[in-house]
Amino acid sequence: KGVSMAAIMDTATNPTEGPVRIGSDVWIGADATILSGVTVGHGAIIGANAVVAKDVPPYSIVVGNPCRVIRQRYEDDATVAAMLEVGWWNWPESRLKVCLPALQSPDVESFLGCAKYTGGSAGREVARNLKIAPGL
């Protein structure tokens, strides 16, 4: 016996745990499944085919079914805290342009330095001296 689409969409017969919340700077692999009510923290990476049933901490890498944290993107909690504090995904385009080379590099300390010192002509001078924003 078939099930109607109305029955599938009815939350009384198919309760939800709430909305899925995806942070910024998150990578989601192909065919990953994120269940209702889950929050994926900023900067997290979800592996292909992962089934995410619990919240994913910021800047962690999860894989599997059910998913598990296999490691953090950064070696220490201080770097994770600094990246969360920076919140570069909320920056205006002009500030992103200044720090883009550092953001695209594997040297997170250069990026955090640019983030700390950008803003106005003094920030551009610091970025130039750190050689992370050529052409300024």
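1. Salt bridges. A search of the whole structure, which is a predicted model, finds 2 salt bridges; the term denotes a side-chain nitrogen of Lys or Arg within 4 Å of a carboxyl oxygen of Asp or Glu. In one of them, arginine 73 pairs with aspartate 25, and the closest N and O atoms are 3.7 Å apart. This pair links distant parts of the chain, 48 residues apart: arginine 73 sits in the loop between β8 (67-72) and α2, and aspartate 25 in the loop between β1 (21-22) and β2 (27-28). Arginine 73 is partly exposed, its relative accessible area being 22%. (Buried means under 20% relative accessible area, exposed over 50%, and partly exposed in between, with a 1.4 Å probe and protein chains only.)

2. A salt bridge within a helix. The side chains of glutamate 93 and lysine 97 also meet in a salt bridge, at 3.6 Å from N to O. Because they lie 4 residues apart in helix α3, these two residues are separated by about one helical turn. Both glutamate 93 and lysine 97 are exposed.

3. Basis of the values. Residues are numbered from 1 along each chain as its sequence is written, and side-chain values use heavy atoms, with hydrogens and water left out. As the model is predicted, local features need pLDDT of at least 70 and side-chain atom pairs count only at pLDDT 80 or more, whereas totals for chains, interfaces and linings use all residues.

4. Overall plan. The protein contains 5 helices and 8 strands; helices (H or I, at least four residues) and strands (E, at least two) are DSSP runs, numbered from the N terminus. Along the sequence, the pattern reads α-β-β-β-β-β-β-β-β-α-α-α-α. Of the 136 residues, 30% count as buried.

5. The sheet. Four strands make an open sheet in the order β2-β5-β7-β8, with mixed pairing; two strands pair if DSSP finds at least two bridges between them. Strands β2 and β8 stand at the edges, each with a single partner strand, so one side of each is left without a neighbour in the sheet.

6. Pairing inside the sheet. Strand β7 (residues 60-64) and β8 run antiparallel and are joined by 5 bridges. They form a hairpin with 2 residues between them, and valine 62 has valine 69 in β8 as its bridge partner. By contrast, β2 and strand β5 (residues 45-46) run parallel, joined by 2 bridges. There, isoleucine 28 has isoleucine 46 in β5 as its bridge partner.

7. The largest pocket. Its volume is about 210 Å³. On a 1 Å grid over the protein atoms alone, a pocket is an open set of points where a 1.4 Å probe fits, with protein on both sides within 12 Å along at least five of seven lines; lining residues have an atom within 4 Å of a point. Grid points are joined across faces, edges and corners, and the volume is the space filled by probe spheres set on the points. The lining comprises 13 residues, of which Arg73, Tyr74, Leu103, Ser105 and Val108 are the closest to the centre of the pocket. The elements that give two or more residues to this lining are α3 and α4 (108-117).

8. An exposed loop residue. Asparagine 90 lies in the loop between α2 (77-86) and α3 (93-104). Asparagine 90 is exposed, with a relative accessible area of 64%. Serine 24 is 66 residues from asparagine 90 in sequence, and the two are 9.2 Å apart in space, C-alpha to C-alpha.
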